[in-house]
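Please read the following note beside the sequence and the three-dimensional view.

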Amino acid sequence: MTGFTQIALVTDIPEGTMRSYQVERNRIVVCNLGGKFFALADECTHDAAPISDGKLEGGNLVCARHGAMFDVVSGAVTGPPAVIGIDKYEVKVEGNNILVRVD
Amino acid sequence: MSGKAKNKNNDIASLGEDYATKYGFHDPVDYFHKGAKGLNHEVVEMISRMKNEPRWMSDIRHEALDIFVSKPMPKWGSTDMLAEIDFDNIYYFMKPIDSKKDSWDDVPDYIKNTFDKLGIPEAEQKFLGGVSAQYESEVVYHSMKENLKKQGIIFLDMDSALREHPEIVREYFGSVIPAMDNKFSALNTAVWSGGSFIYVPPGIDVSAPLQAYFRINAENMGQFERTLIIADKGSRIHYIEGCTAPVYSSNSLHTAVVEVIAKEDASIRYTTIQNWARNIFNLVTKRASVYKNGTVEWVDGNMGSRLTMKYPCIQLLGEGARGEILSVAFAGTGQHQDAGAKVIHAAPNTSSRITSKSISKDNGRASYRGLVKVYKNAHGTKTSVECDALLIGDNARSDTYPTMEIDNDQVKVEHEARVSKVAEDQLFYLTSRGLSEDDARLLIVNGFMEPFTKELPLEYAVELNRLLELEMEGGVG
Amino acid sequence: MNTDNKQTKDTASFIPETTPQLDLGSAWLRDKRQESRSVFNGSPLPPRGIHLWRYTDPSIFLSKHLTQDNTSITKSLDGPRSDLAAQLESNNISGLVTDHADQEITVQGIDAIIDQGVIVCSLAEAVEKHSEIAERHLYQLINSDTGKFEAMNCALWNQGIFVYVPDGVTVEKPLYLYREAPPGEQTQFPRLLVVVGENAELTLIDEYSGGGSENNCYANAVIEIFGKQYSRTRYVSLQQYHTGVSSYLTHRAQINQSATMLTIPLAFGGDTSKCNYGVTLNGQGAESDIFGLVFGTGRQHLDNHTLHHHVASETLSNIDLKVVLRDKATSAYTGLIRIENDAKTCEAYQVNRNLLLSSGTKADTIPELEILNEDVQCSHGATIGPIDPMSVFYLKSRGIEESAATRMIVAGFVGSTLKMLPVDLRENIRTIVANRLENL
């Protein structure tokens with residue numbers, strides 16, 4: 001499936017919060033950081049926990065299970081015990097709709 | 001073969017017959033400041049102030065205490081045994097003397113006697129560069145040979161390292177094992193005391209192994225040492241720790257955290273033999289991060305303790321990094337050695353090898369819990385795991401729980417495990433040559449452990465053989 | 001249109017009292033169904049933290065559609081599949097049982113074995129007409145205690161199939177069971193009970209097919225097999241559902257003294273499939289082999305579990321599970337060999353080989369051992385990797401082009417497993433494997 005899929009509404013995700021969605025086989029967490037939206041894989045690379053169960057803090061996603069941290073913008077790992085970053089998805093905002101590109 | 005057996009017996013005899021005295025005595029409990037039992041923010045603050053720590057370390061401790069309280073106990077493994085731990089009934093801090101001693105002569109007699117029996121003076125004469133010895137929760141004695149100092153190698157107890165090199169400690173403390181990693185790493189982060197700190201500057205090859213001793217003494221004492229080893233680019237180091245403790249009637253807790261970092265082209269070997277007393281809970285988190293073309297080897301021998309949970313881990317984070325884990329466990333009656341190994345391949349063209357040997361005797365239980373994880377980017381991974389378990393007796397138990405998670409197709413992953421008893425034909429061969437069945441069995445067990453013992457410095461190998469012999473006889477604990 | 005919903009289908013974890021299947025059968029059976037229903041309703045989903053559920057989301061196996069809606073089914077076949085009909089014609093199989101996800105199962109061609117005293121009928125009929133033997137065996141190996149999804153089947157299985165081979169009887173040719181899942185949003189609860197008497201012999205081919213390519217059919221199957229002492233059983237489980245099916249399957253067999261059992265799980269189909277095969281070696285001298293083949297393509301997720309449980313002495317078990325993956329298929333394999341404290345002089349072996357044919361595939365494997373006494377010989381091994389490039393190079397240097405070389409190597413890889421199959425089935429499976437290698 002190429003192209004963008006509608007995943008969420010802008011009004012559903014206030015600033016500084018995140019929400020989890022399922023698009024086919026992909027679990028995706030959509031974050032609102034300073035008014036900009038980012039979409040990343042909602043699965044911690046350390047032990048497969050849903051990152052959306054954790055916190056969005058200071059530009060980082062913090063996994064609730066063991067404290068792994070990932071940069072919201074790039075998905076890069078910023079805190080142990082994870083050692084690999086999470087995949088990020090391309091995001092487009094059209095009006096009140098947030099779309100992601102899922103392959 | 002019988003000739004070799006005779007020589008081994010001579011070595012064992014020369015260690016001294018008073019094994020029971022050496023490992024089975026108590027010192028008078030005469031400490032400087034004896035903290036109250038139980039754990040709360042006040043105790044944590046007391047620990048931090050006693051050590052004169054910078055505020056950022058106190059903050060880390062307090063935050064870790066909250067994490068410890070919030071995390072549940074593990075729901076896997078020997079949950080019954082874990083339930084025996086009474087966290088409120090443990091001393092989380094002890095300070096034996098009021099200041100560190102540089103010279104061996106100034107160390108108080110009763111402490112010196114302990115180390116005498118553990119053989120430190122001889123060790124120093126032989127091939128060790130320096131000895132950092134921990135007694136209870138604080139290092140009482142350390143000395144550094146001139147050549148180490150000259151090369152810029154830092155080898156200190158953790159408390160001194162925090163005082164004298166706070167920037168390095170701050171940069172690496174918790175960078176491999178965060179407090180949130182598990183309940184016991186959180187506990188350690190809150191109340192850690194003592195342990196070793198080693199920093200090897202770029203290009204330096206530390207020719208002689210660095211060594212540490214430590215020991216639990218008083219009733220209900222917990223050991224929470226924290227070790228941090230950093231080998232900078234192109235350096236090499238071998239670190240050895242071996243520890244022992246007398247037997248107690250109530251349970252004692254040991255949760256150590258060991259963080260090891262091998263930077264590009266660096267090489268670290270970390271050898272441990274432990275023989276904790278049979279009432280000790282030994283719950284350790286040890287993990288190494290290895291960068292480009294670096295190498296880390298864990299050589300890990302587990303004997304004693306009531307329950308050991310320890311899974312040395314190597315994270316291969318740079319291309320060409322290599323890891324090796326050689327683990328041996330002996331579980332006698334009433335013991336559970338829940339050991340294993342974890343390797344994480346998170347870079348291309350990395351390799352690893354895990355060798356695990358375990359012996360379960362009588363009612364002992366030895367488990368292997370392992371993880372081989374290959375991430376999507378780790379093409380060219382080569383990894384092999386080999387587990388061998390020997391069972392001795394009708395009620396011995398062996399478990400193997402190896403997990404492999406492979407997310408790249410250009411890899412070579414192999415795993416093999418075998419479980420069996422002492423081979424009848426081998427026994428027959430040896431007894432028919434005049435050995436008693438006990439001696440024959442001991443010889444076979446020695447042979448089984450040989451891949452491990454040959455990696456140890458001679459003195460350790462001899463000590464390990466002596467311990468094995470006692471375990472086989474049932475003479476320990 | 002994607003909704004804020006973590007599950008791929010509408011799910012329900014509650015069986016209403018009015019569900020029709022609960023009223024099917026004798027009083028004894030209705031009681032069992034109700035008991036299972038309350039266990040299902042009262043139990044939580046299995047936790048993701050345990051190895052068995054680490055790689056597959058259990059919520060996939062809940063379903064809102066608990067009954068089969070026969071009015072909307074357009075049957076994909078009016079009679080047995082043509083190749084099966086041919087096999088029946090030419091007497092290559094000793095009978096064909098067809099379960100079209102319909103109310104009635106059909107049994108054909110069993111006249112010869114009926115004369116031997118063999119019983120082949122629906123399980124519902126067995127509970128009614130052969131209650132003594134049915135009640136003695138049904139729910140003994142898989143019941144509401146086994147797990148949440150097994151409890152679901154225990155409450156809601158429909159007609160089911162029953163096969164009984166009396167003591168001393170040898171059923172020469174394989175008996176073929178064909179279960180077809182309907183296309184469209186349906187849930188099926190196939191159930192099988194097999195009793196092979198003392199010194200009896202049976203080969204059973206159990207095929208699960210059908211379903212559609214839309215992601216909405218769910219099949220939850222349970223198989224219980226008893227091999228009495230000195231019996232010889234061969235059980236082939238061929239799972240080749242269409243791509244739209246979620247498949248959950250639990251199999252448990254118990255073999256008694258000196259009995260042998262060969263179980264051949266073949267997992268090819270479904271979107272997500274979780275199969276759990278287990279054999280208890282329950283009598284001295286019993287022997288069990290599990291030779292499995294898993295082949296994933298596209299985006300399939302195939303999760304398999306095997307169990308060999310030694311409770312009697314001098315028993316021997318062997319597992320050989322081969323996994324082949326291409327495209328972006330993923331496989332999970334968990335296995336346990338457990339030898340109890342009073343099961344002396346046992347031998348147990350296990351091998352799991354995973355062949356990854358393209359990037360994007362993922363294999364997870366946790367082969368476990370729990371050994372509770374010293375008098376054992378036990379070993380296991382696992383390998384994961386692509387085809388050895390040297391093997392491909394060797395064949396290419398002999399003029400064989402790459403995709404043909406790959407096909408040859410994979411055929412060699414699965415060859416030893418196929419050899420275990422009844423001759424007539426071998427070619428069929430070989431074709432399935434070859435088809436799955438197309439366009440690699």
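The numbered points below go from the basis of the model to its chains, its backbone details and its contacts.

1. Basis of the model. The structure is a predicted model, in which local features need pLDDT of at least 70 and side-chain atom pairs count only at pLDDT 80 or more, while totals for chains, interfaces and linings use all residues. Residues are numbered from 1 along each chain as its sequence is written, and chains are lettered from A and ligands numbered from 1 in the order in which they are written.

2. Make-up of chain A. Chain A contains 0 helices and 11 strands; here helices (H or I, at least four residues) and strands (E, at least two) are DSSP runs, numbered from the N terminus. Along the sequence, the pattern is accordingly written β-β-β-β-β-β-β-β-β-β-β.

3. Dimensions of chain A. The C-alpha atoms of chain A fill a box of roughly 35 × 30 × 20 Å along the principal axes. The radius of gyration of chain A is 13 Å, which agrees with the value near 13 Å for a compact globule of 103 residues. This radius is taken over C-alpha atoms, and the globule rule is 2.2 Å times the number of residues to the power 0.38.

4. Burial and contacts in chain A. Of the 103 residues of chain A, 39% count as buried. A residue is buried if 20 or more other C-beta atoms lie within 10 Å of its own, exposed if 12 or fewer, and partly exposed in between, with C-beta atoms placed from the backbone. Among contacts in chain A between residues at least 6 apart in sequence, 38% join residues at least 24 apart; two residues are in contact if their C-beta atoms, placed from the backbone, lie within 7 Å.

5. Backbone details in chain A. P80(A) and P81(A) are joined by a cis peptide bond with omega of about 5 degrees. P81(A) belongs to the loop between β8 (77-79) and β9 (88-89) of chain A. A48(A), although not a glycine, has a positive phi of about 65 degrees. This alanine, A48(A), is in the loop between β4 (36-41) and β5 (55-57) of chain A. A48(A) counts as exposed because 12 other C-beta atoms lie within 10 Å.

6. The position of V73(A). V73(A) is in the loop between β7 (69-71) and β8 of chain A. Is V73(A) buried or partly exposed? V73(A) has 14 C-beta neighbours inside 10 Å, so it counts as partly exposed. In sequence, V73(A) and I13(A) are 60 residues apart, and their C-alpha atoms are 16 Å apart in space.

7. Make-up of chain B. Chain B has 14 helices and 23 strands. Of its 477 residues, 53% count as buried. Among the contacts in chain B with a separation of 6 or more, 81% are between residues 24 or more positions apart.

8. Confidence in chain B. The mean pLDDT of chain B is 80, and 76% of its residues reach 70 or more; pLDDT is the predictor's confidence in each residue, from 0 to 100. Among the elements of chain B, helix α1 (residues 2-14) has the lowest mean pLDDT (35), and strand β16 (residues 313-316) has the highest (98). Over residues 214-222 of chain B, pLDDT stays under 50, and the model has 40 contacts beyond four places in sequence for them. Residues 244-251 of chain B also stay under 50, with 29 such contacts.

9. A positive phi in chain B. D362(B), a residue other than glycine, has a positive phi near 50 degrees. D362(B) lies in the loop between β19 (351-361) and β20 (365-374) of chain B. With 16 other C-beta atoms within 10 Å, D362(B) is partly exposed.

10. Contact between chains B and C. The contact takes 30 residues from chain C and 30 residues from chain B. On the side of chain C that touches chain B, the elements giving two or more residues are β19 (362-371) and β20 (376-385) of chain C. Strand β23 (residues 411-421) of chain B runs antiparallel to β20(C), and 8 bridges join them. In β20(C), T383(C) is the bridge partner of E414(B).

Technical notes
Pairing = 2+ DSSP bridges.
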